[in-house]
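I opened a notebook on this structure to record what I looked up, entry by entry.

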Amino acid sequence: MRRKRRSRSRSRRRRIVGLFFLVLLLAVLGGGAYLFFRYFPLLDEARAARASAQQASATLHGVGLDIDQAHLDQLKTQLADVDTKLQPFRDLLTGDPLVDLARRIPGVRDQIAAGGQAVAAADDLVAAGKLGLGVGQRYVDIRTKAATTADHSTLADLVELMATSTTEVDQIQMLLASAREHLDQVPANAIGQIREAHDLMATPLLQYGPVLDSYTHLQSLLPGILGWGGEKRYLVLAQDPAELRPTGGFTGTYGIIGFKDGRIVERQFHDVYSLDLKPGLPYVLPPEGLKNHLLGNFSWQLADANWSPDFPTSAQDAIRLYTLESGDTGQVDGVIAITTYALDHLLNVIGPIDVPEFTTTVHPGETTLKTLALTRKSVPGVDRKQFLDTLSAHVLDKLFGLTPSKWAALLTEFQTVGNQRLASVWLKDSAAEGLVSGSTWGGAVRQDAGDYLYVVDSNVAPASKYNLVVTRTTNLDVKIDKYGNAVNTVQLNWQNDSRRAGQPYETVRQYGTGTGNIYGTYVRLLTPDRSRLQSVSGGTVAPITGPELVTQEADRTEFANYLMVLPGSASLNYQWISPYPAAIEDGIGSYSLVLQKQPGMTPEPVTIHISSPPGASITAVSPNLTVSGGVATFTGTLTQDLSLAIQFRTR
C-alpha cells in the first residue's frame, strides 16, 4: 500500500516537473518568437546602414578635391540615410526593457556594451560628417564661382575658407578622436556583426585621420603665409638648372611677390644684374669654393647667393644680399626658389603658355631651352632678360584662373615638384617654417640617423649652360665592418656630350656660354658628421690625389674638389669611413642609408651595393633592394631622395 502511494507520488512529481519544463519551453519558444519578430529586422537595418556608409566612403574617396554640388548632395543623402538607419539601434540601447534585462547576464552584458561603443562611434562619425559637409558646401560654392566668374581670385576665397572654418575643423577633430576612443573599447571577442561595424569605421579613420591632421596643421599656418590678417612679401629666385648650383640653378631673375588675404598685391621680376651691377655696392667676401672657382676678387652677390646646399642657409644669404643691393627696407617674409623644370610641371596642368611679347609659345618640357634661347638673342624693342618676368606673369595669370576640375591635377604636380626637389621654400616665421622644414619643399640638408650621402654639383668656371648636355652617374659601394662602421667607396662619372649633333646640344652650343665645350664643376660630398676621408682620385686635365677642402656644412662633414670635364668622360673617386651608422646588438644588426637628391639635377643613374659584416647573413631589406649572398643591391634612377635599409644577423 505504501509502495503504491510512493509510486503515485513520484508520478505526480514527474508530471509537475514535466509541466514546469513544458511551461519553460513554451516561454522560451514564445520569447524566442518575440525576440525574432522584434529584433530580426534590425539585422537588415544594420546591413543597410553599413551599405550606405560604404557608399558614402566610396563617393568621397572617388571625387576627392573634384567634388561638385551633385556629389555633395549625394553625400548628404547617404549620410542622412546612415543617420536614419542608426536610430533603431539608439532606441534599442537606451529604452528596450529586454536589453536592460540582458545587461545583467554575464557575457551578454559585454556584447551589449560593445554594441553601444560601436553605435557611439557611428554617432560621432555622423556628427563629424555633417560638419564636414557644411565646410564642403562652402568649398563647392567656391568651385562654382570659379567656374562661372571671370577674373575671380579663387585663392583668396580658399584662404578665407581655411581661416574662417577652424572651429568646425577643430570640432571634427574632437569627434574623430572620440570615435577612435569608442572603437578602442570594442573587444576583439565581440560578435561578428559588431566587429564588422568596428572595422568599417576604423578603416577610414586610419586612412583619413592623418590627412585631416595634415590639413589642420596647414590650416593653422597657410592663411597667415598668404597674407590673411596682414601682407606678406617673398623674395623669388628663378633658377636655371642648365647652369646648376646647389639649390637648383643660377639665379638669373629675381622677384618680389606680395600677398594680402590670399590676393597678389605686389608682383615684380627683374634681371638679377640690375642689382648686381649697380655701382658703389660694398664688397662681400664670397665662400671659399665660390671665390676660388668662379668669382675671384669680385664681391659675393645675389646671383650666387644660393651657394650652400642647405636651402634655409642659402635663403637667408639671399635676403641679406638682396637687401644690401636693393635698399628695399620692406619686410621680406621668406624665399621661394623655383627652377624652370618646376614650371614645366605647372604647364602639364595649365597647358601651353603664349608669350606674344616674344612671339613664342612655351609647351611643357620646353621652358629651360626656350629660356636659354630667348635670354641669349636679341628681340627688337624688348629687353631679352625680361623673358622670365613676362613668362612668369602669364603663368601666374593662368594659374590663378585655373578651372576647378584641374585643381586635383595641380596638387599632384605640386607634390611631384616637391618630391623631385625642383623648388624650395624658406619662411622667416618659425612656426610657418615648421610647415615646410620637414617636407621635401624645405630643401634642408637632411639629418637622418644612419649613413648619408649628398653629392652636390656647382657649375663654375668656365661658366656654361652645359648641365643640359652633361650627365652624372653614381656607383656607391658600402662595406659594414663588425663594429658597425661603414667603409664607403663612391665613383662619380660625368659624361660631357656638348659636341653631339641635334637637340639640345646645338641650342646649348649656340646660346650657352663656355670655352672649348668644357664643363667646370665644384663637387661637394656631404657625409655623416665625423666621417674620416681615406682617399680621393680622378681628374682628366690634372690628376686629383686629395681633397681641396674638408669642412663642415649643416652638421655634415663635407669633402670638396674642383673637376674640369672635357668633352667625353671624367670621374672622381672617394673613400671614407662613416662612424657607426649600423647598430649591432646581441648578434642582430641594422643599417640605413639616405641619398639626397640635388635640386635641379636631372634624373641620375645610381647603383649601390651594401655588404653586411664578414660572416653575417642579411635577414631583411627594404623593398627597393635585392639580395645575393651578403650583399644588397639597388639599381635605378635617382629622381628623388632615396632611403635604403637592411637587417642582418652576425651569428
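I took two strands as paired if DSSP finds at least two bridges between them. The model is a predicted one.

**Entry 1, a strand pair.** I started with strand S1 (residues 232-240) and strand S4 (residues 334-339), which pair in the parallel sense over five bridges. In this pair I found Leu235 opposite Val335 in S4.

**Entry 2, the whole sheet.** I then traced the sheet that holds this pair. It is open and has five strands in the order S3-S2-S1-S4-S7, with mixed pairing. Which strands stand at the edges? They are S3 (263-271) and S7 (423-427); each has a single partner strand, so one side of each is left without a neighbour in the sheet.

Helix H10 (residues 311-326) touches S1, strand S2 (250-260), S4 and S7. The direction of H10 makes about 70° with that of S7. Helix H13 (residues 387-400) lies across S1, S2 and S3. Relative to S3, H13 runs at about 160°.

Two packed helices are described by the angle between their axes and the distance between the axes. For helix H12 (residues 367-374) and H13 I wrote down an angle of about 140° and axes 10 Å apart. Angles over 145 degrees count as roughly antiparallel and 65 to 115 as roughly perpendicular, so H12 is oblique to H13. On the H12 side the contact is made by Thr367, Lys370, Thr371 and Leu374. H13 contributes Phe387, Leu388 and Leu391. I sorted the residues of this contact into four nonpolar, two polar and one charged.

In soluble globular proteins, nonpolar side chains tend to be buried together. The largest nonpolar core here has 53 residues. Which of its members touch the most other members? I listed Leu476, Trp494, Leu525, Tyr591, Leu595, Ile608 and Ile610. I followed up Leu525, leaving out residues up to four places away in sequence. Its contacts include Leu453, Tyr454, Val455, Val490 and Leu492, and also Phe559, Tyr574 and Trp576. Thr557 and Glu558 are touched by Leu525 as well. Another core, of 51 residues, lies apart from the largest one. Among its members I noted Leu79, Ala190, Leu391 and Val395.

Most residues other than glycine have a negative phi, and most peptide bonds are trans. I checked for exceptions. A cis bond joins Ala461 and Pro462, with omega about -5°. Pro462 sits in the loop between strand S8 (451-459) and strand S9 (470-480). A cis bond also joins Gln503 and Pro504, where omega is about 5°. The loop holding Pro504 runs between strand S10 (486-496) and helix H16 (505-511).

I found Ala554 with phi near 50°, a positive value in a residue other than glycine. Ala554 is in the loop between strand S13 (549-553) and strand S14 (556-565). Asp555, also not a glycine, has a positive phi of about 65° and lies in the loop between S13 and S14. How does accessibility class them? Ala554, at 26% relative accessibility, counts as partly exposed, whereas Asp555 is exposed, with a relative accessible area of 58%.

Notes
Residues numbered from 1 in each chain as written. Predicted model: local features only at pLDDT ≥ 70, side-chain atom pairs only at ≥ 80, totals over all residues. Heavy atoms only, no water. Helix = DSSP H or I, 4+ residues; strand = E, 2+ residues; numbered from the N terminus. Contact = heavy atoms within 4.5 Å. Axes fitted to C-alpha atoms, helices over the stretch in contact; angles between N-to-C directions. Parallel < 35°, antiparallel > 145°, perpendicular 65-115°, else oblique. Nonpolar A, V, L, I, M, F, W, Y, C, P; charged D, E, K, R; others polar. Core = buried A, V, L, I, M, F, W, Y, C linked by side-chain atoms within 4.5 Å. Buried < 20%, exposed > 50% of the residue type's maximum accessible area, 1.4 Å probe, protein only.
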